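Colleague: I'd like to go through this model with you. Shall we start with the ligand and then turn to a sheet?
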Amino acid sequence: MKKIQMVDLQGQYQKIKKTVDTSIEEILNSSAYINGPYVHAFQTDLEKYLGVKHVIPCANGTDALQIAMMGLGLEQGDEVITADFTFAATVEVIGLLKLTPVLVDVEPDTFNIDIEALKKAITPKTKAIVPVHLFGQCANMEAVLEIAKEHNLFVIEDNAQAIGADYTFSNGTKKKAGTMGNVGTTSFFPSKNLGCYGDGGAIFTNDDELAHTLRGMVNHGMYKRYYHDVVGVNSRLDSIQAAVLKAKLPLLDAYCDARRKAAAYYSDAFVDNKNIITPKISDFTTHVFHQYTLQITNGKRDELHQHLLDNGIPNAIYYPVPLHKQKAYTDDRYKEEDFRVTNKLINTVLSLPMHTELDKEQLEFITKTINNFIK
Ligand SMILES: *Cc1c(COP(=O)(O)O)cnc(C)c1O
């Protein structure tokens, strides 16, 4: 059996090596390292794929979130609501911009923002909601957008984990994850579903004026060379990363299918195990399984974590601490009873190996090892 990896980037690279190597060599010879033709070509390809008017490439997914918030003109003291159960980047940029993060609980079965908790958190100071499409499926965007409309709030989708997922509204309209709010952001970190070979990110919007603002902001607030109209940042996607992404984008749907296939194998194998809850997929979204995350309900999560490691099966706990309990983000306003779900999830969740290169032998070994240990 091939060695099992949490993410197999090498195996995936070998299958596209020729295309990637050729374009990287071309870039090395061209000297167009930043903002070269590949960046623009990838931007156009991604706009087409997502069905969105504007893609603004930038240096990473954290910058994408920060620049999106800057572009919307959010100001010190504005409250921004997001989920308590996510990667810290989401709340980090809210803090960096001196906005006020308001963390709310998530749903127990999808791990995405809880709509009732979101409604309860709205105050006259609320200016934006950041739904995170966690682990690869969309949050309940129809509800989020309705609340945003009612209270005149911006919606910034953190789509670092769900690029390629499709959302279906109750009237039948379909949209790609990240293109439903005022603005969407993503990360091309190597282990993300569409990953490059370094850091990368992008911002999506259908708003022409906002797109113009953002394009200058990523480049020192310049709209004309050496004229700085707004305070910006230096956050650019380099040509080599763009070339890797351009090669991988046509394969993204096949990558998502490969992940879904592995996820289906896992879920089938655990269907009769009463101590394991498999991921639930909401009916309004497809799931692209950035992570395949189980809940181990018999109190043996940590033992299983170690047992799998001892058997050469990598696995991870995403996330071990809810954001409201992180030293950097604690706040007297938070009450523990408002975080019943995240406080429980941190003790039950376990993410299994998930990537495009898992084979049947590996999946069989992983699921058998788990079912023999958790009965
Ligand atoms: C990865 C990730 C980010 C940050 O992306 P980087 O490219 O690593 O800066 C933001 N939000 C979520 C939910 C993520 O998973």
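Modeller: A residue counts as near a molecule if one of its heavy atoms lies within 4 Å of it. Keep in mind that this is a predicted model.

Colleague: How many residues surround the ligand?
Modeller: Gly-61, Thr-62, Asp-158, Ser-187 and Lys-192 are the closest. By class, the shell holds four nonpolar, seven polar and two charged residues. The number of residues around the ligand is 13.

Colleague: Which side chain has a polar atom 2.5 Å from an oxygen atom of the ligand?
Modeller: Polar contacts here are N or O pairs within 3.5 Å. Gln-161 places a polar side-chain atom 2.8 Å from a ligand oxygen. For Asp-158, a side-chain N or O atom is 2.8 Å from a ligand nitrogen. The 2.5 Å distance to a ligand oxygen belongs to Thr-62.

Colleague: What percentage of the ligand's accessible area does the protein cover?
Modeller: On its own, the ligand has 380 Å² of accessible area. The space it takes is the largest pocket. The protein's cover comes to 91%.

Colleague: Which elements give two or more residues to the shell around the ligand?
Modeller: One spans residues 61–71, the other 89–96. They are helix H3 and helix H4.

Colleague: Now the open sheet of three strands: which are its edge strands?
Modeller: The order is E12-E13-E14, with antiparallel pairing. An edge strand here pairs on one side only.

Colleague: Which residue in E14 does Tyr-292 stand opposite?
Modeller: Strand E13 covers residues 292–296. E13 and E14 pair in the antiparallel sense over four bridges. Opposite Tyr-292 stands Leu-352.

Conventions
Residues are numbered from 1 along each chain as its sequence is written. This is a predicted model: local features need pLDDT of at least 70, side-chain atom pairs count only at pLDDT 80 or more; totals for chains, interfaces and linings use all residues. Side-chain values use heavy atoms; hydrogens and water are left out. A polar contact is a pair of N or O atoms within 3.5 Å; within protein, one must be able to donate a hydrogen and the other to accept it, and residues adjacent in sequence count only if both atoms are side-chain atoms. Accessible areas come from the Shrake-Rupley method with a 1.4 Å probe; for residues, only the protein chains shown count as cover. On a 1 Å grid over the protein atoms alone, a cavity is a set of points where a 1.4 Å probe fits but cannot get out, and a pocket is an open set with protein on both sides within 12 Å along at least five of seven lines; lining residues have an atom within 4 Å of a point. A molecule sits in a cavity or pocket if more than half of its atoms lie within 2 Å of its grid points. Ala, Val, Leu, Ile, Met, Phe, Trp, Tyr, Cys and Pro count as nonpolar, Asp, Glu, Lys and Arg as charged, and the others, Gly among them, as polar. Two strands pair if DSSP finds at least two bridges between them.
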